[in-house]
Amino acid sequence: MNQKEEFLSSYLRGYQTSGSWLLRFHDLMHFRVREILLLATKYDAFILGEDGRLAERLFVEYSGLNLSSAPRITYVSTGEEALKLLSSRHFDLVMTMARFEDSNVNDFGRKVKEIDPQMPVVLLVFNENDLATIPGGINKKAVDHSFLWRGDARILLTIIKIIEDSFNAPHDVKVAGIKAILVVEDSVRYYSSFLTVLYTVVMAQSQSLISEGLNDLHKLFRMRARPKIFLATSYEDALDLYHTYKDQVMAVISDVSLPRGSGATENNAGFDLVKTLAGEDPMLSLMLQSSKSENLEQAKSLGINYVDKNSPHLLKKIRHFVFDSLGLGSFAFKYPNGLEIARAKDVKEMEKLIKTIPAESIEYHSKHNHFSTWFYARSMFSLADKLKKLSVADFKDIEEMREYFIKSFRLARKQEQQGVIADFSTGQVGPENPFIRMGTGSIGGKGRGIAFINSLFARYGLHERISNLEITIPQTVALGTDEFEKFMLVNNLYEEIDRLKTDQEIVQRFIVGKLSEEHWDHLKFVLNNMTGPIAVRSSSILEDSQFQPFAGIYSTYMLPNNHPDPNVRFLELCRAIKAVYASLYFKNAQSYRAGTAHSREEESMAIVIQQVIGQQYGNRYYPLISGVAQSYNFYPIGHQKAEDGIAQIVLGLGHAVVQGAAVLRFSPNTPEVLPQFSKPADYLKYTQKKFYALNLARATIDFTSSSDDESLDFVDIEQAEADGSLKHVASVYCADDDAIRENFNLSGPRILTFNHVLKYNQIPLAGALAELLPAIKNEVGFPIEIEFALDQKGSGDPVLYILQMRPLASQVLSAVVDLEGYDDKDIICRTAMALGHGTFQNIRDIVFIKNDTLDFRKTSEIAGQVGMINEGLQKEKRPYFLVGPGRWGSSDPSLGIPIKWCDITGACLIAETPLFGHMVEPSQGTHFFQNIVSKGVGYLTLSNKGESTAIGSSFLDTAWINAQPVQWEGEFIRHVRLHNPISAHLDGRKGRAVVVRQT
């Protein structure tokens, strides 16, 4: 009997043993993470536990294992509570965030290990730099792994799987022959990304195999047999893991620079590692990755796959490498020159195609073990093991090998189906409720926020605490990120995006793309059930995070949704979704992202479809009041307290608030006290003159426009009086006696005081915010911001809708900053109204607007010139001091310069000076403001020279600045370059700052 006959005979004997495949996989993945103890704030626990539909993502991992749900997360907020629970209850995994007050990470980990030495402890950090703040660094005897939280809940899946794999590997890999991937990387940032990608790929492959499964048990065993993933953080750890599981490791991904020996990083340790492994197994798939471009040539000389860590396609290349190494996806039959012939998506197609595939292709794939690799991916280990041991030399010719393969594949496929009853399954539409999820993947930042608010209302009845005011969320539907990723792949946009140069080109290309038909019926269902206008909002996975809020960076479109043809409304919704997807790649978004630790590949887009709150007045649609409220007031004035928060409200749509138009500010605890209006005439000067409304006359909108507010009109408040809405929020200014009265029968200018709401409490908005803000903040664990709309239909009760909730960008107040001791002659700027903390050194460029020539009608032109100067300074890597009148980033040209974030990305310090003689208050609710805070940019507000205001005095030495050498000058802007640098010193605790000449 020759080798192939012996193989076939033994192969048949193995499969003729009843239930042999079931017995082999029955005990796989014995250890499961069922109970997780999470030490974190309640908001962190909510995000990790519910964002991204963790239960659905783990469905195929848990539903068939006699478990009723995904792992249960029990969270506590102190180390003491955690240790007490560990002593009384069983847990499989302990996770901790870095911030908790009664212990440090290493001490906590050691105490956990004292209770249970085998208990895995995992640390999650928001920023890799947080690890450096832990005294003595991470003790590996106390903390098993550290991971970076980027706002994507898939990292929790990664953590669970890496822990399960480490426990199950001794049995599953060594006994059952499960294959493995070895990742060798010591950077928390990179391996957090790598492992998430790898598990996503492996889990996606496992889920794709479900369609080939014939019943739940069959599907279950395919899932259990997925490849394991090991993580090594040093050269020695990598060798130990490889030698322990040598025969089953199919691929290795390693950094070039690795800790070795004493723990010091060696620049070429990765090369030594792959040389050693290639010498032991020439068929092993190897990939090196490095941030140093000079390593490319050495990798090429060794014939090793290589990827540059700085590449924008890093994760995509790793994904492709894993697919090829593990034989994931369809089997691509190719000629030796790489030309593709055909694809087999499953074993049945493989059996069919092998009959006609050219002989040279069969020989090529056999020599490279492609057949065995592909069957390993399908958990057909017995067949794969035998195929791996065979070579072309074992057969008379390729045709004999072909016949052998045909017979073997047919036997394997038939054996898998013996005694199995195939299932037939159908999808189901979820029940209606205020928050509905559609599709899979993460629901993104906005989705997380509104879902969290909805859960709070349900759990604690926050919406029932205020009498005479209903509090709720608008009807909301979240479309998960998986639809975005399908859209990008199906329309080949990942490949094309770099060739599209302008925002208009990008949105035009996206608009003609095709959404998957999977959700068409669901989207039509949304339109049928959301009567009236709808908002299609971005909800990226990084959006609305605490440290990088991405506020206002991506698009939101408001649709009238009133065309008489439902097909037109449906197409309009689809176009809006695609236009929001496109905004992920706009210049403003790319500029913002470039200043973070996130690459473009790490971002993905979910969609939030939300009912627009308001009433119809002819062709206008808007709510009575919109606003933004924060639980922390960065600029408390007079008797206001920072912890009481601040709210900013307008008549009409909230676009006016987040875009920096005129607003009314108040503290929810003292709404009747408005320090910014010291006398009645101030209302006439500084309150809202125009408001935003949705134009219902535009049944369709132009998504290729340069703005996402195409459907909005910015109209005078006199129009609201004609609508009949103004009387609920406005008063009358009587010039004869310089007084404000509530009698609309009087003549005189109408001014938006909101007295009926704030002073006379006819609608308890302030009380509701005073109740909600601290309650939500306590649940989240840190300051928050909400967007809201208040509306009242006819004589009915008013309703307060919470539209969004996000963590409030916070300042890092670490080092002590001393503002004293500077000689007055060296001070060029001083203010008692500053945001930011720390010292900015060696500033040699100042860009400022010349107040004497300013024309507010040309502020858009000025913004463009600032952007061009900014671009040049960024290329030279010269941070600069930006000075200008009014509110930077305001959409209202009468209040300031309407710059976008991409126009000032190089500024490290920004000052706002009085505009046409009066100081414009900083708008804490704007998207621009949130991004300023999160980026750590110094932000100074200056009053008139020598003027002492409620917020203190300020000073700017414009004469000295004007005397400096001019680098460039236009009609409105001057850019000076200093011979000697200046430095800025900001004390965020006291809100003070000085800018001084450096000597």
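# Strands, cores and a buried serine

Guide: The bridge partner of V122 in β5 is H145. The model is a predicted one.

Visitor: What makes β4 and strand β5 a pair?

Guide: Two strands count as paired if DSSP finds at least two bridges between them. β4 and β5 (residues 145–148) share four bridges, in the parallel sense.

Visitor: Which strand do four bridges join to β4?

Guide: Strand β3 (residues 93–97), which runs parallel to β4. Here V94 is opposite V121 of β4.

Visitor: Why is strand β4 called mostly covered?

Guide: The cut-off for buried is a relative accessible area under 20%. In β4 (residues 121–125), five of five residues are buried. V121, L123 and V125 point one way, V122 and L124 the other way, and all of them are buried. The general rule is that side chains in a regular strand alternate between the two faces of the sheet.

Visitor: What makes β2 and β5 edge strands?

Guide: The sheet is open, with five strands in the order β2-β1-β3-β4-β5 and parallel pairing. β2 (72–76) and β5 each have a single partner strand, so one side of each lacks a neighbour in the sheet. On average, neighbouring strands are turned by 25° against each other, direction ignored. Inside the order, β1 (residues 35–39) is joined to β3 by four bridges and runs parallel to β3; L39 is opposite T96 in β3.

Visitor: Which helix lies across β1, β3 and β4?

Guide: Helix α7 (residues 105–115), running at about 160° to β4.

Visitor: Why is K84 called exposed?

Guide: Exposed means over 50% relative accessible area. K84 has 67%, so K84 is exposed. The residue belongs to helix α6 (residues 79–88). K84 and I115 are 31 residues apart in sequence, and their C-alpha atoms are 10.0 Å apart.

Visitor: Why is S731 called buried?

Guide: The value for S731 is 0%, and buried requires under 20%, so S731 is buried. S731 is part of strand β28 (residues 731–734).

Visitor: How do you know that the buried residues of α24 line one face of the helix?

Guide: The buried residues of α24 (residues 520–529) are L523, V526 and L527. Seen down the helix axis, they fall within an arc of 95°, so they line one face. In general, an α-helix has 3.6 residues a turn, so residues three or four places apart point the same way. The face of α24 turned away from the buried side carries the exposed residues D521 and N528. The buried residues pack against several elements, among them β18 (534–540) and α25 (566–583).

Visitor: What makes β21 and β27 edge strands?

Guide: They belong to an open sheet of four strands, in the order β21-β22-β26-β27, with antiparallel pairing. β21 (615–617) and β27 (712–716) each have a single partner strand, so one side of each is left without a neighbour in the sheet. Neighbouring strands here are turned by 45° against each other on average, direction ignored.

Visitor: How do you know that strand β22 and strand β26 pair?

Guide: They are linked by two bridges, in the antiparallel sense. At least two are required, so β22 (residues 620–622) and β26 (residues 690–695) qualify. Y621 has L694 of β26 as its bridge partner.

Visitor: Which residues have the most contacts inside the largest nonpolar core?

Guide: V322, F371 and F375, in a core of 124 residues. Helix α9 (residues 188–210) supplies the largest share, 10 residues. A second, separate core has 75 residues, including F435 and V715.

Conventions
Residues are numbered from 1 along each chain as its sequence is written. This is a predicted model: local features need pLDDT of at least 70, side-chain atom pairs count only at pLDDT 80 or more; totals for chains, interfaces and linings use all residues. Side-chain values use heavy atoms; hydrogens and water are left out. Buried means under 20% relative accessible area, exposed over 50%, partly exposed in between (1.4 Å probe, protein chains only). The arc is that of the directions from the helix axis to the C-beta atoms. Contact means heavy atoms within 4.5 Å. A nonpolar core is a set of buried Ala, Val, Leu, Ile, Met, Phe, Trp, Tyr and Cys residues joined through side-chain atoms within 4.5 Å. Axes are lines fitted to C-alpha atoms, for helices over the stretch in contact, and angles run from 0 to 180 degrees between N-to-C directions.
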